[in-house]
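Thanks for coming, everyone. I'd like to walk you through one model today, so please have a look at the sequence and the structure first.

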Amino acid sequence: MSFTRRAALASAALLMVAQPVLAAAPAKPAAAQKAAPKKAPAGSDFVPSADAIKAHMTFLADDAMEGREAGTRGYDIAANYVAAQYALLGVKPGGDKGSYMQRVPLLAFRPGGEGAVTLTGADGAAVALTYGEDYLPTAQAQAADLTVEAPLVFVGYGIVDGTRGRDDYAGLDVKGKIVVMLSGAPSSIQTEERAHLSSPNTKRAEAEKRGAIGVITMSTSSGEKRRPFKAGVGQMKSWRVTWRDAQDVGAIRAPGAPSLAQISQAGAAKLFAGAPTSLDAVQAEAETPQGAVKGFPLATKLKVVLKTEIEKRESENVVGIIEGSDPTLKAQTVILSAHLDHIGIKENAKPGEDRINNGALDNASGVATLLEVARGFKNTKVRPKRSIVLLALTGEEKGLVGSDYFANNPTVKKADIAADVNLDMPVLLYPFTDVIAFGADRSTVGDAVKHAAARVGVGLSGDPLPEEGLFTRSDHYRFVEQGIPAVFLMTGFQNGGEKAFTTFLKTNYHHPGDDLNQPIDYQAAAKFALVNYEIARELANTPARPVWKKGDFFGAAFAPAGHPSSAK
């Protein structure tokens, strides 16, 4: 179905469902009637509305949205709702061709069968590896049919990190070879930086730079315990998603060194036959904090034959712009982002069981916050100096796809994007007293968050889950990869927050239970909107453009000297 036709149907569906959904919204409870802050902070005239946030969440988390999965009718309805709210507020369209929609051409892909992996030993004898026992194939976004045959070189973790003087490729010739690497990274590396260095994208880029033509990945011993190889067998039919470029080709990092397969511990033992260092010794060294695993050529070579199913799909980011008032600064933009999509309908639900993953807190709450902040900026008597971009994103649940597309193909000038503040899954189930801004200590955006939160009487807390590397795991990170300072904001762990967060993760996260039957605290929702409004106001009005802090790992990696956001 064409984009135009699908959008028209979604608009019609929006008109059909909007009135009954909002009319059916439960009456505001007495506790929530006290929700909105009574007055605006000093210098501001914005008092957020708990009722407005509740109305937005009621619509976006309704069953009629069918879980808002990217590329589906339900998502399209939700996207048209957000666009309609922008229009109602008088927000300027910031999408394609004078509209609120930025078309995001998607490409879905998954293995088209078991593939074939053949190992040739030093004696020249060829042995077929066994699917599901020795290997699992990796789907290819750019090739329905792919055959790669080459000698193997083990490269340890496959990490190159100049800040630590580490190069796992030192002394190795991998040109025209298939590299075999351990997944993850050593435990001694700071968690957010470890998450970046562990990324398959990061690792394949390093392999491609050195001329490798393919990547095979195997788990460490501890990684196998956390996520057994066998668990991946059941996911082989799952679709992966990326976006398509101007040539209609799937956009992937380092296409010259594609990921070919995941190898089990049993499969790795076969690859290491005749190796100068045993697999057991490699695995033992990998578990040390430094993980200083040395690479070496293997005595084996591999032939990998893969088939991939590929489908074209469509979705949209929803983009609005509130123009700044300063003749000079208005050219710069502060992005407020929140992902609009969720995970859709539960496929393996039992008869009579709730099948719709409504995504009330993940992330209808973030989008509702975005819309309420937009209302604050449109109604304020003092317009922001920098322009504000309101960005409701598709495909976050597919791997940050919509944000990656926008960051690479922005509808505003990329060099003028000053910062991104991302709203993802605020757990609005308790009266929060602090917020967490992942990445706040890495750039001067953190200073703006601290000042703004203080005006609202809210504390700024440090990362309570450093082992999770959350700074790299939501949409803001796609802006970081373009050198743009960014933070990911959520409610904090004080005043019952830790229990609320951990209970939500255990019971309702990515589950049909994430719906409006949860005890959502709309008082907290209004307060969260006010915090975000104040953060955006601070960033929009501060004369100095946000920059990375001197010596920061991510600033050095993505905003080198001369970049608009490089450390001064």
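**A walk through the model**

Let's begin with K97, which counts as exposed at 87% relative accessibility. For the wording, buried is under 20% relative accessible area, exposed is over 50%, and partly exposed is in between, with a 1.4 Å probe and protein chains only. K97 is found in the loop between β1 (92-93) and β2, and K97 has a positive phi of about 50° although it is not a glycine. Helices here are DSSP runs of H or I with at least four residues, strands are runs of E with at least two, and both are numbered from the N terminus.

Now, some housekeeping. This is a predicted model, in which local features need pLDDT of at least 70 and side-chain atom pairs count only at pLDDT 80 or more, while totals for chains, interfaces and linings use all residues. Residues are numbered from 1 along each chain as its sequence is written, and side-chain values use heavy atoms, with hydrogens and water left out.

You'll find D248 in the loop between β11 (240-243) and β12 (259-263), and at 34% relative accessibility D248 counts as partly exposed. Then there is a cis peptide bond from D362 to N363, with omega near 10°. N363 has its place in helix α9 (residues 360-379).

Next, the overall layout. The chain is divided into domain 1 (50-105 + 315-558) and domain 2 (108-312), with bounds that come from an automatic or database domain assignment. Their C-alpha centres lie 34 Å apart. The contact between them takes 23 residues from domain 1 and 15 residues from domain 2, where contact means heavy atoms within 4.5 Å.

How much area do domain 1 and domain 2 bury between them? About 1600 Å², with 55% of it on carbon and sulfur atoms. Buried area is the accessible area (1.4 Å probe) that two parts lose on being put together, summed over both.

For those of you who like charges, the rule finds 4 salt bridges across this interface. A salt bridge here is a side-chain nitrogen of Lys or Arg within 4 Å of a carboxyl oxygen of Asp or Glu. D404 forms a salt bridge with R253, and their closest N and O atoms are 3.2 Å apart. The interface of domain 1 and domain 2 also has 8 residue pairs in polar contact, both residues at pLDDT 80 or more. A polar contact is a pair of N or O atoms within 3.5 Å; within protein, one must be able to donate a hydrogen and the other to accept it, and residues adjacent in sequence count only if both atoms are side-chain atoms.

Which element gives the most to the side of domain 1 that touches domain 2? That is α10, with 4 residues. The residues of that side divide into 10 nonpolar, 5 polar and 8 charged. In this count Ala, Val, Leu, Ile, Met, Phe, Trp, Tyr, Cys and Pro are nonpolar, Asp, Glu, Lys and Arg are charged, and the others, Gly among them, are polar.

Let's move to some enclosed spots, starting with α2. In α2, 9 of the 11 residues are buried, so the helix is largely enclosed by the rest of the structure. S49 caps its N-terminal end: a side-chain oxygen lies 3.3 Å from the backbone nitrogen of D51. H56 is found in α2 (residues 50-60) and is buried, with a relative accessible area of 8%. Leaving aside its neighbours within four places in sequence, H56 is in contact with Y81, Q85, A368 and L371.

Is S387 buried or exposed? S387 counts as buried, at 6% relative accessibility, and its place is in strand β15 (residues 387-393). A polar atom of the S387 side chain lies 2.9 Å from the backbone nitrogen of G324. Not counting residues up to four places away in sequence, S387 touches residues including I322, L329 and V334.

Last stop: A150, in strand β6 (residues 145-154). A150 is buried, with a relative accessible area of 4%. Beyond residues up to four places away in sequence, A150 touches G176, K177, I178, I213, K301 and L302. A150 and A292 are 142 residues apart along the chain, and their C-alpha atoms are separated by 26 Å.
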